[in-house]
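Let's take a friendly walk through this chain, from its overall layout to its aromatic rings. Keep the 3D view open as you read.

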Amino acid sequence: MSLTNQVFGEPRPGWRWVYYIINNIQDLVTALTQDHPVVLMFWANRNHACNVMERPYYDMADAKRDEAVFCRLDFDKFKDVVEKYRVKAVPTFVLIKEGEEQRRVVGAKVEELNTTIKNNI
């Protein structure tokens with residue numbers, strides 16, 4: 001079971017997933033109050049680069065499933081969170097440890113994101 005599953009629980013029996021889609025602010029608070037690193041993916045369904053990054057993000061989350069909590073937030077739905085993290089473009093990936101932003105990757109940069117996650121989690 002991944003850390004993400006431990007934090008949010010199984011969505012239904014037998015379905016394995018490695019990142020969580022944030023649906024409300026309480027979900028975000030739950031993710032950010034963990035002792036583990038959190039990787040937030042800010043995305044927009046209408047954005048081609050976000051759709052391109054969905055599978056690589058899943059694969060990275062799967063590879064680090066025992067070491068971090070992985071979440072996805074809708075850029076258009078969470079304007080206050082977007083402003084707090086100063087997100088100007090999607091996709092944006094923010095690595096948070098102990099409540100503080102550690103690293104950020106902006107854009108569909110698979111290798112940069114992979115290296116950032118590998119070296120900082």
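## Overall layout

Followed along the sequence, the chain has the pattern α-β-α-β-α-β-α-β-β-α. That comes to five helices and five strands, where helices (H or I, at least four residues) and strands (E, at least two) are DSSP runs numbered from the N terminus.

A word on the source: this is a predicted model, in which local features need pLDDT of at least 70 and side-chain atom pairs count only at pLDDT 80 or more, while totals for chains, interfaces and linings use all residues. Residues are numbered from 1 along each chain as its sequence is written, and side-chain values use heavy atoms, with hydrogens and water left out.

## Size and packing

The C-alpha trace spans about 35 × 30 × 30 Å along its principal axes.

Of the 121 residues, 45% count as buried (buried means under 20% relative accessible area, exposed over 50%, partly exposed in between, with a 1.4 Å probe and protein chains only). Among contacts with a separation of 6 or more, 63% join residues 24 or more positions apart, a contact being heavy atoms within 4.5 Å.

## Aromatic pairs

A search of the whole structure turns up five aromatic pairs. Rings of Phe, Tyr and Trp (its six-membered ring) pair if their centres lie within 6.5 Å; planes under 30 degrees apart count as stacked, over 60 as edge-to-face and the rest as tilted.

One of the pairs is Tyr 19 with Tyr 58, edge-to-face at 6.4 Å centre to centre and 75° between the planes. This pair links distant parts of the chain, 39 residues apart: Tyr 19 is in the loop between helix 1 (3-8) and strand 1 (20-21), and Tyr 58 is in helix 3 (residues 48-63). Tyr 19 is buried, with a relative accessible area of 10%.

Another pair is Tyr 57 with Phe 93: the centres are 5.6 Å apart and the planes at 40°, so the pair is tilted. Here too distant parts of the chain are linked, with Tyr 57 in helix 3 and Phe 93 in strand 4 (residues 92-97), 36 residues apart. Both Tyr 57 and Phe 93 are buried.

## A ring cluster and a charge over a ring

Ring pairs join Tyr 19, Tyr 57, Tyr 58, Phe 70 and Phe 93 into a cluster.

Trp 43 has Arg 72 over its face, at 3.8 Å from the ring centre. A charge sits over a ring if NZ of Lys or CZ of Arg is within 6 Å of the ring centre and within 35 degrees of the ring normal.
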